[in-house]
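I wrote down each thing as I looked it up.

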Amino acid sequence: MMRRAWKEEGACLLALLCFAVSLLLPVGQDVLGNSVAWLAEPGLLLGLGIAALAAVGQAALALRGLAVGLVLLMACVAGAWVPLAAISRQFAVLGAEAPVGLQGMGVWIFVLGLGFLVWRTLGLLSEAAGKGDSKGFAALLVPGLFGAWLIYLWQVGVTGFGVPTVLLPSPERIAAIFMVSTDTLIADFYQTFIKSVLTGFLMGCGSGFLVAILVDRVPFLQRGLLPLGNFVSALPIVGVAPIMVMWFGFDWQSKAAVVVIMTFFPMLVNTITGLHATQAMERDLMRSYGASYLQTLVRVRLPNALPFIFNALKINSTLALIGAIVAEFFGTPIVGMGFRISTEIGRMNVEMVWATIAVAAVAGSLFYGLLALAERAATFWHPSYR
């Protein structure tokens, strides 16, 4: 029992220990170079106190459930502004380029304690995601909060230690450049994702699926085409992209051609594998009914192959975006995500590069998520969803 209690509430106890230790350490310097303690900053103590009070309550009462997780979450949010406020105070006192650094160990110990509290919060929300009416809400909340925590650590670490912008800009700087460059980013997104990625994805996956049906119907193609597919799949994209640019020009058509090459064979191989996954008893049953090849294909074999087909679609959703962006490095009009990255990195405009990467990451994640939702709707009967 004691071991279980420590396992569940140990994170809150460690958070309390870190909060207590951070009180004894400085949070920065004043204009004279003297260390500044938490007690000299009443505003910072408020957030620390709220986070510590929540940790004490959780450790003492050992409560569980979604409501308790949300209370701890609010305590984490209240405490999260404390390191940011301490860092901002350091900038205000010593100048815009003054990092907190190691002289503000109280800040970093507090961040460590806050991490333990976030750990326990996400644990409670994860438990709630598996049961009750709040299952869907908590299931979406956990990955979103974990991503927000990583971005928070990024912001605190980069600004607190004064990391040069050319090496790694802070999320705040990236968001600022995103707001002033929205029109450019939208144009790049339309050129790369809408024109190149979606067109190449549909053509590559569609042709791969149709050829897989043909290979299944004509067995000798399987022995001759699949080895060739493995060879083409091993070709480096940096070698194929310049050739496609020479063949189809500098516009989006050449990038779509690269995407077709990258997505064709994963769809072909996965579809063939899925078609062969039908059990012999099911095929014998259809033959006993006098079903034709097309009837067996539509009613039995394709439904059984759907998990494999969707697996190929999800894999290709990431390959298509990567292929289109890399292909733009070798020739494109003055628009596109790949063009923007290669151009802005030459100008040392790293914030714009990261803003473009963020757009690509969000677009790719949403594309993958939509395919995953479609898979769940189409294969809800599969054992993996039971």
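Entry 1: terms. Before looking up any pair of helices, I noted that an axis is a line fitted to C-alpha atoms, for helices over the stretch in contact, and that angles run from 0 to 180 degrees between N-to-C directions. Two packed helices are described by the angle between their axes and the distance between the axes. I also noted that the model is predicted.

Entry 2: helix 7 and helix 13. I looked up this pair and found that the axes come within 8 Å and cross at roughly 130 degrees. On the side of helix 7, I listed Thr184, Asp188, Phe189 and Thr192, which meet Met337, Gly338 and Arg340 in helix 13. By class, I wrote down two nonpolar, three polar and two charged residues for this contact.

Entry 3: helix 13 itself. How many of the ten residues of helix 13 are buried? I counted seven, so helix 13 is largely enclosed by the rest of the structure. The buried ones are Met337, Gly338, Phe339, Arg340, Ile341, Thr343 and Glu344. Just after helix 13, I came to Met348, which takes a positive phi of about 60 degrees.

Entry 4: I then went to Ile334, in the loop between helix 12 and helix 13. Is Ile334 buried or exposed? Its relative accessibility is 71%, so I put Ile334 down as exposed. Leaving aside neighbours within four places in sequence, Ile334 is in contact with Phe339 and Arg340. I also looked up Asp188, which is 146 residues from Ile334 along the chain, and found their C-alpha atoms separated by 9.1 Å.

Entry 5: helix 7 and helix 14. Helix 7 covers residues 182–217 and helix 14 covers residues 350–378; I found their axes within 11 Å of each other, crossing at roughly 40 degrees. That makes helix 7 oblique to helix 14. I recorded the crossing as right-handed. From helix 7, the residues in the contact are Thr184, Leu185, Phe189, Phe193, Leu198 and Phe201, and they meet Met352, Ala355, Thr356, Val359, Ala363, Phe367 and Leu371 in helix 14. I sorted this contact into eleven nonpolar, two polar and no charged residues.

Entry 6: the cores. Which residues have the most contacts inside the largest nonpolar core? I found Phe201 and Leu313, in a core of 31 residues. Helix 7, helix 10, helix 12, helix 13 and helix 14 each supply at least two residues of this core. Helix 12 gives the most, with eleven residues. Apart from this core lies another, of 29 residues, including Ala15, Ala52, Val100 and Trp108.

Entry 7: The contacts of Phe201 are then Gly206, Val259, Leu313, Asn316, Ser317, Ala320, Phe367 and Leu371. Asn316, one of these, is found in helix 12. At 0% relative accessibility, Asn316 counts as buried. Beyond four places in sequence, Asn316 is in contact with Phe201, Cys205, Met262, Thr263, Pro266 and Met267. Thr271 has its place in helix 10, and I counted Thr271 as buried because its relative accessibility is 0%. With residues up to four places away not counted, Thr271 touches Phe209, Ala212 and Ile309.

Entry 8: helix 9 and helix 10. Helix 9 spans residues 237–248 and packs on helix 10 at an angle of about 135 degrees, with the axes 8 Å apart. I therefore put the two helices down as oblique to each other. Their crossing is right-handed. Helix 9 brings Ile237, Val240, Ala241, Met244, Val245 and Phe248 to the contact, and helix 10 brings Gln253, Ser254, Lys255, Ala257, Val258, Ile261 and Met262. I wrote down ten nonpolar, two polar and one charged residues.

Entry 9: the whole chain. I ended with the totals. The chain has 14 helices and two strands. Of its 386 residues, 43% are buried. For contacts with a separation of 6 or more, I noted that residues 24 or more positions apart account for 73%.

Conventions: Residues numbered from 1 in each chain as written. Predicted model: local features only at pLDDT ≥ 70, side-chain atom pairs only at ≥ 80, totals over all residues. Heavy atoms only, no water. Helix = DSSP H or I, 4+ residues; strand = E, 2+ residues; numbered from the N terminus. Parallel < 35°, antiparallel > 145°, perpendicular 65-115°, else oblique. Left-handed = near helix turned anticlockwise from the far one by under 90°. Contact = heavy atoms within 4.5 Å. Nonpolar A, V, L, I, M, F, W, Y, C, P; charged D, E, K, R; others polar. Core = buried A, V, L, I, M, F, W, Y, C linked by side-chain atoms within 4.5 Å. Buried < 20%, exposed > 50% of the residue type's maximum accessible area, 1.4 Å probe, protein only.
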